[in-house]
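Subject: Structure handover

Hello,

Here is the structure for your files.

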Amino acid sequence: MKIAIVIPAFNEARTIANVIRSVIDQGTVIVVDDNSKDGTGSIATKEGAVVVSHKKNRGYDAALQSGFERASQLKMDAVITFDADGQHESSILHRFISILVSGEVELVIGIRPEYARLSEAIFNKYVKIRFGINDILCGLKGYKMNLFYQNGRFDGGSSIGTELALYGLRRKISIATVPVFIHQREDRPRFGSWFSSNGRILRAFILAIWNDLKCIKIKKIK
C-alpha cells in the first residue's frame, strides 16, 4: 500500500525539518507550504519532501485539500494527516499504517488525552453523542483515498479538517481510533488568538450540525 503523510505548514521553519526526518521512512511526505515567509518550503524540499506551494495563504483546510490532491496525482492508496509543529509523536504512525494496511478500516482517528479549548470540548461532545467518537478535531488521522474520491474533496474550506471524517462517520464506514500523545508547542500557536480560534471551531461545529440535519432530511425523503 502506498501511504502519503500530508503535512500542512505555515511558517514552521523551526520544526519542519525534524518533523519530516521523523516520518519520511513511513511513506511519501507531502508538505503543503501555505505561503510561508520563513523558508518552510525550501527546508521541506531539502529534506526530501514533495512540496506543494500556495501563492497566497489559504488556510489549514485548503492546505490539506491541496495535499490530498497531490496524493491523488501520485496515486497514493491512503493519506495520514500530520501537523508541522512537532506536537504529534511520530512513533505512533506505525499503528495508523498497520490499521490502514489491514484492509478492514477506511478511517483512523487519533484521540488526544485532553483538548486545548472549550469550543473543542463542545464540538467533541456532540460528535461523541452522535457517533461515539471522542475527538473529531485531532489533526492526526488516516484515510483510505477511496473515501476522498467518494466525497469529491477533503474539505470545502471551513470544517477545520473534520468534513471528510464526518462524511465517513455518517455513512457508517469501518473506523478505528488510536490514542495519541501531544507535545506542547514552544512558540505561539498558528491557529490564531483565543477569540478567533474558538470562533473558527464553533463555525465548524455549526457546519457539522447543518450537514447532519441535511442527511437526516434526505433519509426521511427516501
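Please keep in mind that this is a predicted model.

Surface. Leu118, Ile122 and Leu202 make a nonpolar surface patch of about 270 Å². Of these residues, Ile122 sits in helix α5, which covers residues 118-131. Ile122 has a relative accessible area of 35%, so it counts as partly exposed.

The largest cavity holds about 50 Å³ of space. Its lining is made up of Ser159, Thr162, Glu163, Leu166, Arg170, Ala204, Leu207, Ala208 and Asn211. Helices α7 (163-170) and α8 (194-221) are the elements that give two or more residues to this lining. The largest share is that of α8, with four residues. Sorted by class, the lining of the largest cavity has four nonpolar, three polar and two charged residues.

The second largest cavity has about 40 Å³ of space. Around it are Tyr60, Leu64, Thr81, Leu137, Cys138, Gly139, Lys141, Tyr143, Phe154, Ile160 and Gly161. At least two residues of this lining come from each of α3 (60-73) and β6 (141-144). By class, the lining of the second largest cavity comprises seven nonpolar residues, three polar and one charged.

Regards

Technical notes. Residues numbered from 1 in each chain as written. Predicted model: local features only at pLDDT ≥ 70, side-chain atom pairs only at ≥ 80, totals over all residues. Heavy atoms only, no water. Patch = residues over 30% accessible without salt bridge, like charges linked within 9 Å, V, L, I, M, F, W, Y side chains within 5 Å. Areas by Shrake-Rupley, 256 points an atom, 1.4 Å probe, with all protein chains shown as cover. Salt bridge = Lys/Arg side-chain N within 4 Å of Asp/Glu carboxyl O. Buried < 20%, exposed > 50% of the residue type's maximum accessible area, 1.4 Å probe, protein only. 1 Å grid on protein atoms, 1.4 Å probe; cavity = no way out; pocket = protein on both sides within 12 Å on 5 of 7 lines; lining within 4 Å. Points joined across faces, edges and corners; volume = space filled by probe spheres on them. Nonpolar A, V, L, I, M, F, W, Y, C, P; charged D, E, K, R; others polar.
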